[in-house]
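Student: Hi! I have a model open and would like to talk it through. Could we start with a loop and then look at some helices?

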Amino acid sequence: MNTTFLANADSLAQAQELQHSSVHEAIFILRQIIQDPSASVEALRIKEQAIFNISDLLSQEKMGEELRSLLTELRHFFSLIPKAKTAKIVRGIIDAVAKIPGTSELQISLCREMVEWTRAEKRTFLRQRVEARLAALLMENKEYAEALTLLTDLVREVRRLDDKLLLVDIDLLESKLHFSLRNLPKAKAALTAARTAANAIYVPPAQQATIDLQSGILHAEEKDYKTAFSYFFEAFEAFSALDDPRAIYSLKYMLLCKVMTSQADDVAGLISSKAGLKFTGVDLDAMKAVAEAYSKRSLKDFETALSMYKDQLGEDPIVHRHISSLYDTLLEQNLCRLIEPFSKVEISHISELIGLPMDTVESKLSQMILDKKFAGTLDQGAGCLIIFDDSMTDGIFATTLDTISNISKVVDSLYLRSAKIMA
């Protein structure tokens with residue numbers, strides 16, 4: 001037994017030395033260690049370390065199917081170790097698969113397999129966490145209906161068991177899912193539930209930052225950009241301290257809030273600050289270009305920024321939604337400024353001045369008239385826009401209406417009294 005243990009220990013040390021020179025040889029040695037039939041405490045500890053090492057190597061080599069096979073092979077080993085260590089290894093291997101690009105389908109399939117295995121083995125603790133991971137993957141894959149069904153059952157079960165740490169994760173995930181489905185009331189309710197559960201226990205800084213980030217997103221959706229900025233700032237500080245890649249998203253959303261509150265001039269200062277310089281790159285350049293275009297009220301610069309930084313501004317759904325709203329606002333401001341000197345103007349002339357297609361300008365002007373952004377009408381036969389003068393509201397009309405209303409009440413009161421006398 002001791003001889004086997006020493007051999008395994010030497011093999012593990014040899015494999016660790018080979019990790020940087022001969023990866024495939026290191027993987028072969030680590031597999032030999034894992035397949036060794038020894039079951040002593042020392043041997044199990046060495047096997048556990050070998051599993052983590054081989055997971056990292058297979059992930060680096062982008063061998064997703066090998067990781068899947070490894071997880072299947074280890075099921076016998078899981079019966080020899082405590083359930084908590086089993087959960088740690090399973091989640092570690094799933095995380096290793098997640099590091100390989102383009103493996104979302106493999107991750108979903110792997111989670112489904114592990115859910116079935118945990119049900120058969122009656123490992124409730126691990127099953128619930130794998131199901132939460134599966135729901136997150138389904139949401140990323142835009143399979144919202146299945147993810148929502150899975151989460152609904154999971155929330156009910158976890159609330160009954162009162163596992164508050166897992167409940168925070170699930171409520172937060174449910175909030176994100178409802179937000180993706182554009183159901184803001186339910187998204188806010190789920191986030192409130194996550195905060196309530198988080199207040200009763202110690203929550204890791206990364207998880208608290210995730211809650212703050214989701215809070216900022218929901219407040220921004222309600223146009224409360226000042227409150228959203230404060231939440232994004234809290235999330236940014238926490239993610240930055242942890243070197244979490246989500247820090248750059250928090251900073252982008254902070255800059256977005258500054259632009260949306262007409263404080264675009266503050267964007268350059270935030271980017272050049274000590275905290276901002278750490279994340280200098282194309283993402284911040286995109287936000288800076290948007291801020292400069294907004295400061296100049298230039299639609300041309302805005303469109304240039306959108307085309308130049310298409311991935312940074314278009315791929316992120318949060319940024320894209322608010323940038324689209326900002327573009328509409330900027331377009332309306334430009335149109336109002338252009339038509340201000342005129343009482344009647346050809347739509348083609350406005351189209352030339354603003355540099356946009358005539359159909360787009362006509363459609364936007366029609367929408368602005370319906371929204372009462374200005375008083376006017378479109379003469380489509382002549383291809384003209386007629387702008388009405390702003391009519392000053394005379395205070396006497398409101399006073400007259402109030403007087404008539406009061407007289408009506410007096411007459412009704414007198415009628416009731418006369419009816420009682422006649423009776």
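Student: Where is the place of R182?
Tutor: R182 sits in the loop between α10 (164-180) and α11. Keep in mind that this is a predicted model.

Student: Is R182 buried, partly exposed or exposed, and what is its relative accessible area?
Tutor: R182 is partly exposed, because its relative accessible area is 41%.

Student: And what is phi of R182 near?
Tutor: Phi of R182 is near 65°, which is a positive value in a residue other than glycine. For background, most residues other than glycine have a negative phi.

Student: OK, D243 next. What is phi of D243 near?
Tutor: Phi of D243 is near 55°, a positive value, and D243 is a residue other than glycine. You will find D243 in the loop between α13 and α14.

Student: Is D243 buried or exposed?
Tutor: D243 is exposed: its relative accessible area is 59%, and the cut-off for exposed is over 50%.

Student: Let's move to helices. How do the axes of α11 and α12 cross?
Tutor: Helix α11 covers residues 184-199 and helix α12 covers residues 205-221; their axes come within 11 Å and cross at roughly 150°. That makes α11 roughly antiparallel to α12, since angles over 145 degrees count that way. The crossing of α11 and α12 is left-handed.

Student: Which residues in α11 meet α12?
Tutor: From α11 there are L184, A187, K188, L191, R195 and A198, and they meet Q208, I211, D212, Q214, S215, L218 and E221 in α12. By class, this contact of α11 with α12 has six nonpolar, three polar and four charged residues.

Student: What about α12 and α13, how do their axes cross?
Tutor: The axes of α12 and α13 cross at roughly 160° and come within 8 Å. α12 and α13 are therefore roughly antiparallel to each other. Here α12 passes α13 in a left-handed crossing.

Student: Which residues in α12 meet α13?
Tutor: On the α12 side they are P205, A206, A209, T210, D212, L213, S215, G216, I217, H219 and A220. On the α13 side they are Y225, T227, A228, Y231, F232, E234, A235, A238 and F239. The contact of α12 with α13 has 13 nonpolar, five polar and two charged residues by class.

Student: Now α21 and α22. At what angle do their axes cross?
Tutor: Helix α21 (residues 347-354) and helix α22 (residues 358-370) have axes that cross at roughly 110° and come within 9 Å. That angle makes α21 roughly perpendicular to α22. The contact is made by I347, S348, I350, S351 and I354 of α21 together with M358, V361, E362 and L365 of α22. Those residues divide into six nonpolar, two polar and one charged.

Student: Changing topic: how many aromatic pairs does the count come to?
Tutor: The count comes to four aromatic pairs. One of them is F78 with W117: the ring centres are 5.7 Å apart and the planes are at 55°, so the pair is tilted. This pair links distant parts of the chain, with F78 in helix α5 (residues 75-78) and W117 in helix α7 (residues 104-121), 39 residues apart.

Student: Are F78 and W117 buried or exposed?
Tutor: F78 is buried, and W117 is buried too. Another aromatic pair is F232 with Y253, which is tilted as well, at 5.3 Å centre to centre and 55° between the planes. F232 is in helix α13 (residues 225-241) and Y253 in helix α14 (residues 247-260), so to speak distant parts of the chain, 21 residues apart. Both F232 and Y253 are buried.

Student: One more residue, Q312. Where is its place?
Tutor: Q312 is in helix α19 (residues 310-314). Q312 is buried, because its relative accessible area is 16% and buried means under 20%.

Student: What is Q312 in contact with, leaving aside its neighbours within four places in sequence?
Tutor: Q312 is in contact with K252, V282, D283 and A286.

Student: Last one: where is S273 found?
Tutor: S273 is in the loop between α15 (266-271) and α16 (274-277). With a relative accessible area of 26%, S273 is partly exposed. S273 and E303 are 30 residues apart in sequence and 27 Å apart in space, C-alpha to C-alpha.

Notes. Residues are numbered from 1 along each chain as its sequence is written. This is a predicted model: local features need pLDDT of at least 70, side-chain atom pairs count only at pLDDT 80 or more; totals for chains, interfaces and linings use all residues. Side-chain values use heavy atoms; hydrogens and water are left out. Helices (H or I, at least four residues) and strands (E, at least two) are DSSP runs, numbered from the N terminus. Buried means under 20% relative accessible area, exposed over 50%, partly exposed in between (1.4 Å probe, protein chains only). Contact means heavy atoms within 4.5 Å. Axes are lines fitted to C-alpha atoms, for helices over the stretch in contact, and angles run from 0 to 180 degrees between N-to-C directions. Angles under 35 degrees count as roughly parallel, over 145 as roughly antiparallel, 65 to 115 as roughly perpendicular and the rest as oblique. A crossing is left-handed if the near helix is turned anticlockwise from the far one by less than a right angle, and right-handed if clockwise. Ala, Val, Leu, Ile, Met, Phe, Trp, Tyr, Cys and Pro count as nonpolar, Asp, Glu, Lys and Arg as charged, and the others, Gly among them, as polar. Rings of Phe, Tyr and Trp (its six-membered ring) pair if their centres lie within 6.5 Å; planes under 30 degrees apart count as stacked, over 60 as edge-to-face and the rest as tilted.
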